[in-house]
Structures are given as structure tokens and as C-alpha cells.
Amino acid sequence: MAVLQFLAVMCSAVFAVSALYVTLVEHPARLSAGISAALLEFRPSYARASVLQVLMIVLTCLCCFGLWLSTRHWSWLISGGLIGASIPFTLLVIMPVNRLLLDANSPPTEAMALKLLARWERLHLIRTLTGMLGFAILLAHSL
């Protein structure tokens, strides 16, 4: 059980902090370089970050679910659910924006790209906040 708890806290921390980094540092820096540069940077950054984030979400959820099954303590279920909600939120809400930003064959105009990147920023902030909240609940329960 201690191993599951460690993995749940660690994976949720990696997810939450990486999302926070993208929100506060990477995305603003990408936008400050100009729209063309932002689109060019978004594509490889997204490809690399998505693998790490999905892995951390899945591991957190599995560990939290296992901990909930063995303890029936609600905090495992709530925190795992908050972090796990990132997957359907991404697939249903953020992915349509991602598809337009990632389409190298038919890239958006500069004006449309600016709107899409601003929308992506707002949507990613929601993921960041739910990830941070899930991590905070896990950390508080673990301490």
C-alpha cells in the first residue's frame, strides 16, 4: 500500500507541476515568439508532453483506485477522479482545438491561430487547476 501511495502522489505531482509549467512558462514564452513560431513550437512540444501527461494521469488513477479499493477512503477516489478527468476533458474539449493547431497540411491563418492558442491556453488552465487540486488532496491525505 505504501508503494501505491508513493506512486499516486509522485505521478500526480509530475502531472500537476508539468501542467503548471506549461501554463505559466512554456505557453506564454511560445506566444511571445510570435504566432508562426508559436505554431512551430506547439507541434513538437505537444507530441512530447502528451505522452508524459497521459502516462502520469493513468498511473495516478490506477494507484488511487487501488488505494480506494483497499481503504475505502474518499480522498483517493476524489483526487484520482480530478486528475483522471483530464483525459475525457482533453479528448472532448481540448482535442478539437489541438487538431486545428497540429494540422501542418492546412495550418490556420495567423488570426485564427491566435484565437486557437488563446482558447487552448484557457482550456489548459482548467486541466492545470484540476490537476493541482487533485495533487493537493493526495498530498494532504498522505501527510
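Being 4 residues apart in helix H2 (residues 35-71), Phe42 and Tyr46 are separated by about one helical turn. Helices here are DSSP runs of H or I with at least four residues, strands are runs of E with at least two, and both are numbered from the N terminus. The model is a predicted one, in which local features need pLDDT of at least 70 and side-chain atom pairs count only at pLDDT 80 or more, while totals for chains, interfaces and linings use all residues. Residues are numbered from 1 along each chain as its sequence is written, and side-chain values use heavy atoms, with hydrogens and water left out.

The secondary structure of the protein consists of 5 helices and 0 strands, and its pattern along the sequence reads α-α-α-α-α. The C-alpha trace spans about 55 × 25 × 20 Å along its principal axes. Of the 143 residues in the protein, 38% are buried. A residue is called buried under 20% relative accessible area, exposed over 50% and partly exposed in between, with a 1.4 Å probe and protein chains only.

A search of the whole structure gives 3 aromatic pairs. One of them joins Phe42 and Tyr46, whose rings are stacked at 5.9 Å centre to centre, with 15 degrees between the planes. Rings of Phe, Tyr and Trp (for Trp, the six-membered ring) are paired if their centres lie within 6.5 Å; planes under 30 degrees apart count as stacked, over 60 as edge-to-face and the rest as tilted. Phe42 is buried, with a relative accessible area of 1%. Phe42 also pairs with Trp120, in an edge-to-face arrangement with 5.3 Å between the centres and 90 degrees between the planes. Because Phe42 lies in helix H2 and Trp120 in helix H5 (residues 110-142), this pair ties together parts that are 78 residues apart in sequence. Trp120 is likewise buried, at 6% relative accessibility. Phe42, Tyr46 and Trp120 form one aromatic cluster.

Charged groups were also located over aromatic rings. The charged end of Arg30 sits over the ring of Trp120, 5.6 Å from the ring centre. At Trp68, the charged end of Arg72 sits over the ring, 4.5 Å from its centre. The criterion requires NZ of Lys or CZ of Arg within 6 Å of the ring centre and within 35 degrees of the ring normal.

The structure holds 2 salt bridges, a salt bridge being a side-chain nitrogen of Lys or Arg within 4 Å of a carboxyl oxygen of Asp or Glu. Arg30 and Glu26 meet through their side chains in a salt bridge with an N to O distance of 2.8 Å. These two residues both lie in helix H1, 4 residues apart, or about one turn of the helix, and both Arg30 and Glu26 are buried. The side chains of Glu41 and Arg30 meet in a salt bridge with an N to O distance of 2.4 Å. Since Glu41 lies in helix H2 and Arg30 in helix H1, the pair ties together parts that are 11 residues apart in sequence. Glu41 is partly exposed, with a relative accessible area of 29%, whereas Arg30 counts as buried at 5%. Salt bridges with shared partners join Glu26, Arg30 and Glu41 into one network.

The largest pocket contains about 290 Å³ of space. Its lining comprises 21 residues, and the closest to its centre are Tyr46, Ser50, Gln53, Thr90 and Arg127. Two or more lining residues are given by each of helix H1 (2-32), H2, helix H4 (86-102) and H5. The largest share of the lining, 8 residues, comes from H2. By residue type the lining divides into 11 nonpolar, 7 polar and 3 charged. Nonpolar here covers Ala, Val, Leu, Ile, Met, Phe, Trp, Tyr, Cys and Pro, charged covers Asp, Glu, Lys and Arg, and the others, Gly among them, count as polar. On a 1 Å grid over the protein atoms alone, a pocket is an open set of points where a 1.4 Å probe fits, with protein on both sides within 12 Å along at least five of seven lines, and lining residues have an atom within 4 Å of a point. Grid points are joined across faces, edges and corners, and the volume is the space filled by probe spheres set on the points.

Met95 is found in helix H4 and is buried, with a relative accessible area of 15%.
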